[in-house]
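Visitor: I have this model open and would like a quick tour of its side-chain contacts. Can you put it up?

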Amino acid sequence: MNSRKVDKRLLWPVLAGFFIMGFCDIVAPVTGRIAAEFGPERQAAVSFLPTMVFLWFLVLSAPVAALMNRWGRKRTALTGYAFTIVGLLVPYLAGEGSSLGWYFAGFGLLGIGNTVVQVAVNPLLATIVPAERMTSYLTVGQIFRNTSLLLLAPIVTGLVAWTGSWRLLLPLYAALTVVGGVWLQLTAVPEPSETGRAAGLADCFRLLRNRRVLLSALGVAAFIAADVGINFVAVRLIDNPSSILTTTGFYACRIVGTLVGAWVLIRYSDVKYLNRNMALALAALAWLLVLRQADAIYVIVGLLGFAMSCVFATFYAVATKAVAEREANGVAGLMILAISAGALSGPVCGALIRWTGYAPCGLLFPLLCVGYMFWASFRLNTKNSK
């Protein structure tokens, strides 16, 4: 796109895709409520529920990125919406008190759908916004995604008060996905000229020879692993049913951080801003390891949300700008493949908590991930990291 003007009629249905992306992130916060349905002998298995979502990013992202050149970005996104709808409905239709297997099946399908959506929607956005404004619009997309996560705790709290269960959340999100899919289907979003050219998996992985792409892909992996780990552990730091409100605080402050970042990134280097935020995140995580007061925990988790804003957009934009335009689909595949790192968080953080008997120890894994991002921000800021 040569014009600097963005057609809002095309933009809004694509941004709705970012809102739908957030639906897979319900799994980590609601795992605690699902765990309450099962005995102690099933708790280790329950901790693998987030893995069922993020595993598919590892398996499918690169193949889908390659096939997207044949299918087109819009058609690929709509396919992801269909899997998302089915994945949300499976555990709901299985009924209250269903076996853990139905949750694994449903969340697995949800992960497949979300993988396909994320592979398609990020480059779909690139077809309707100028390249020099991509970071800003990716940031706007993350605001939409974070908004869907911000609404999670109030919706769950309201549903529990109204029905005694959180499970109506699943068909509600399925219905919203249907609306988003119909809206996108009715919108004539242009496809890039290279659509129809078949790219192989080797073309995606070959991009990792570029140092900036490699550092950014690992950065996205560390970001998602830290994000899922923080939300997995945060609801366990406070022994109270309202602890899910840590999720609300986390994503509310992330939205604030994204808005601040959208303003700052116009005037300031995105990599340098990432460096400052990761320093803040390291301090916040270290503080959470020793905090006991509930009010202070809410505040520090919110501070973490602020610090973790703009991270994905920064890594994605750095990688995209490091390659030719025709390789954008390959970058998208690699970045979304890196999201599979979220599969590690539930088992690793859960194991740390069980081994130590101390919930904050689960934050050691996110602390390690943030440490990598802090280091990578220095490497990306040097001229020899190309």
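This is a predicted model: local features need pLDDT of at least 70, side-chain atom pairs count only at pLDDT 80 or more; totals for chains, interfaces and linings use all residues.

Visitor: Salt bridges, then. How many does the count come to?
Guide: Two. The rule is a side-chain nitrogen of Lys or Arg within 4 Å of a carboxyl oxygen of Asp or Glu.

Visitor: What does Arg-254 meet in a salt bridge?
Guide: Asp-227, at 2.5 Å from N to O. The pair links distant parts of the chain: Arg-254 sits in helix H12 (residues 245–267) and Asp-227 in helix H11 (residues 211–234), 27 residues apart. Helices here are DSSP runs (H or I, at least four residues), numbered from the N terminus.

Visitor: Is Arg-254 buried or exposed?
Guide: Buried, at 5% relative accessibility. Asp-227 is also at 5% and counts as buried. The cut-offs: buried is under 20% relative accessible area, exposed is over 50%, and partly exposed is in between (1.4 Å probe, protein chains only).

Visitor: And which side chain meets Lys-321?
Guide: Asp-270, at 3.9 Å from N to O. Asp-270 belongs to helix H13 (residues 270–288) and Lys-321 to helix H15 (residues 311–321), 51 residues apart. Asp-270 is buried at 15%, whereas Lys-321 is exposed at 58%.

Visitor: Switching to rings. How many aromatic pairs turn up in the whole structure?
Guide: Eight. Rings of Phe, Tyr and Trp (its six-membered ring) pair if their centres lie within 6.5 Å; planes under 30 degrees apart are stacked, over 60 edge-to-face, and the rest tilted.

Visitor: Why is the pair of Trp-12 and Phe-144 called tilted?
Guide: Because their planes are at 55°, with the ring centres 5.9 Å apart. Trp-12 is in helix H1 (residues 8–21) and Phe-144 in helix H7 (residues 134–150), 132 residues apart. Trp-12 is partly exposed at 43%, and Phe-144 is partly exposed at 22%.

Visitor: Which helix holds Tyr-372 and Trp-375?
Guide: H18 (residues 364–380), where they lie three residues apart, about one turn of the helix.

Visitor: Which residues do ring pairs link into a cluster?
Guide: Phe-19, Phe-23 and Tyr-173.

Visitor: Last topic, H5. How many residues does it have?
Guide: H5 has 21 residues and reaches 31 Å from first C-alpha to last, close to the 30 Å expected. The expected span is 1.5 Å times one less than the number of residues. Gly-95 follows H5, with a positive phi near 95°.

Visitor: And Ala-82?
Guide: Ala-82 is found in H5 (residues 73–93) and is partly exposed at 41%. Its C-alpha is 9.5 Å from that of Leu-110, 28 residues apart in sequence.

Terms used. Residues are numbered from 1 along each chain as its sequence is written. Side-chain values use heavy atoms; hydrogens and water are left out. Helices (H or I, at least four residues) and strands (E, at least two) are DSSP runs, numbered from the N terminus.
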